Amino acid sequence: MAEDPTAKRAVLPRVPVMELKGIRRSYRLGKKSQIEILHGIDLVLHRGEFLALMGPSGSGKSTLLNIVGLLDRPTAGEVFINGEDTSKLGDADITRLRGHAIGFVFQEHHLLSAFTAAENVMLPMVVDHDFSSPAIIARARALLGQVGLDHVADHKSMNMSGGEQQRVAIARALAMRPALVLADEPTGNLDSEAADNVLTLMRQINRDSGTSFLIVTHNLELAKRCDRIIDVADGRLVMPTEHLEP
Ligand SMILES: Nc1ncnc2c1ncn2[C@@H]1O[C@H](COP(=O)(O)OP(=O)(O)OP(=O)(O)O)[C@@H](O)[C@H]1O
């Protein structure tokens, strides 16, 4: 899938969708000792930004992504999502905010294999509706159209190729119109052509809708197609982060 080099992102005001202030994360190793994995991370991600997060294995990328995605709480520091200080929220409000503001794409697509592509895309929406709701059926089909898969909407996900499955996972991540999509090695299981297509698709969605993306990758070629590369080393961010694409 070719990326249109002339495509320009809509001019968006610099609104922070995610802000990290002094994030630390430690784990207990026994009764008396603990190990600190993240050592005070500050980072702002604005609306419409498309960032790569890189770093050696064990540097803390997934730990950080779990904290940004409100799947884990920091030991110290604050996470703001859409301006909301999540350190002040209880578990129910965290779940609500996560469900509405953040979409997830993983290396393993985590689709339900016996469900169709459309049913998988509907899953985040069935909290508020059921599978027969015309509104969510229409939305799932529109999302599958957006990722180029409307013709296989009724195919079971287990019969789809790896690249198609990851595109279904991207459609599912967009179901609730999140401000931010977090992707942990989204192309890690794909061959280079499928990986390229998936990144191009995410870039298009980012440019068309202003959805922000934070993508963990070990693939430097893909990372170079992002606005910025954030390097993590030993639980710290290595700054500065140059702009790669205009
Ligand atoms: N529950 C835990 N208890 C103790 N240590 C942990 C725990 N979870 C993660 N770690 C440690 O934190 C460090 C960072 O792990 P993390 O998974 O964030 O790294 P990563 O940069 O995502 O690595 P990779 O690229 O291999 O996925 C590792 O040393 C890991 O062993």
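Two strands count as paired if DSSP finds at least two bridges between them. In this predicted model, S1 and S2 meet that condition with ten bridges, and their pairing is antiparallel. One of the residues involved is Arg-24, whose bridge partner in S2 is His-39. The two strands form a hairpin, and five residues lie between S1 and S2.

S1 also pairs with S4. Strand S1 covers residues 16-28 and strand S4 covers residues 76-81; the two run antiparallel and are joined by five bridges. Within this pairing, Lys-21 has Glu-78 of S4 as its bridge partner, and Glu-19 stands opposite Phe-80 in S4.

These pairings belong to an open sheet of four strands, ordered S2-S1-S4-S5 and paired antiparallel. Its edges are strand S2 (34-46) and strand S5 (84-85), each of which pairs on one side only.

## The six-stranded sheet

A further open sheet has six strands in the order S6-S7-S8-S3-S9-S10, and its pairing is mixed. The edge strands here are S6 and strand S10 (236-238), and each of these pairs on one side only. From one strand to the next, the twist averages 25°.

Val-105 has Ala-183 as its bridge partner in S7.

## Surroundings of the ligand

Which residues lie around the ligand? They are Tyr-27, Ile-37, Gly-55, Ser-57, Gly-58, Ser-59, Gly-60, Lys-61, Ser-62 and Thr-63. By class, this shell divides into seven polar residues, two nonpolar residues and one charged residue.

Helix H1 (residues 61-68) supplies the largest share of the shell, with three residues.

## Helix H5 and its cover

Helix H5 spans residues 162-173, twelve residues in total. The distance from its first C-alpha to its last is 16 Å, close to the 16 Å expected at 1.5 Å a residue.

Is H5 largely enclosed or largely open? Ten of its twelve residues are buried, so H5 is largely enclosed by the rest of the structure. The buried residues are Glu-164, Gln-165, Gln-166, Arg-167, Val-168, Ala-169, Ile-170, Ala-171, Arg-172 and Ala-173. The elements that cover them include strand S6 (102-105) and strand S7 (180-184), together with helix H3 (117-122), helix H4 (134-146) and helix H6 (192-209).

## Val-68 in helix H1

Val-68 lies in helix H1. Why does Val-68 count as buried? The cut-off for a buried residue is 20 or more other C-beta atoms within 10 Å of its own; Val-68 has 24 such atoms, and is therefore buried.

Leaving aside residues up to four places away in sequence, Val-68 touches Met-18, Val-79, Leu-182 and Leu-214. Val-68 and Ala-114 are 46 residues apart in sequence, and their C-alpha atoms are 30 Å apart in space.

## Val-15 before strand S1

Val-15 is in the segment that precedes S1. This residue has 13 other C-beta atoms within 10 Å. A residue is exposed at 12 or fewer such atoms and buried at 20 or more, so Val-15, with 13, is partly exposed.

Not counting residues up to four places away in sequence, Val-15 touches His-46 and Arg-47. Glu-221 is 206 residues from Val-15 along the chain, and 28 Å separates the C-alpha atoms of the two.

## Positive phi in two loops

Arg-177 is a residue other than glycine with a positive phi, near 50°. Arg-177 sits in the loop between H5 and S7. Is this residue buried or exposed? Arg-177 has 11 other C-beta atoms within 10 Å, so it is exposed.

Asp-234, again a residue other than glycine, also has a positive phi, near 50°. Its place is in the loop between strand S9 (228-233) and S10. Asp-234 is partly exposed, because 13 other C-beta atoms lie within 10 Å.

How values were computed. Residues are numbered from 1 along each chain as its sequence is written. This is a predicted model: local features need pLDDT of at least 70, side-chain atom pairs count only at pLDDT 80 or more; totals for chains, interfaces and linings use all residues. A residue is near a molecule or strand if its C-beta atom, placed from the backbone, lies within 6 Å of it. Ala, Val, Leu, Ile, Met, Phe, Trp, Tyr, Cys and Pro count as nonpolar, Asp, Glu, Lys and Arg as charged, and the others, Gly among them, as polar. The expected span of a helix is 1.5 Å times one less than its number of residues. Two residues are in contact if their C-beta atoms, placed from the backbone, lie within 7 Å. Axes are lines fitted to C-alpha atoms, for helices over the stretch in contact, and angles run from 0 to 180 degrees between N-to-C directions.
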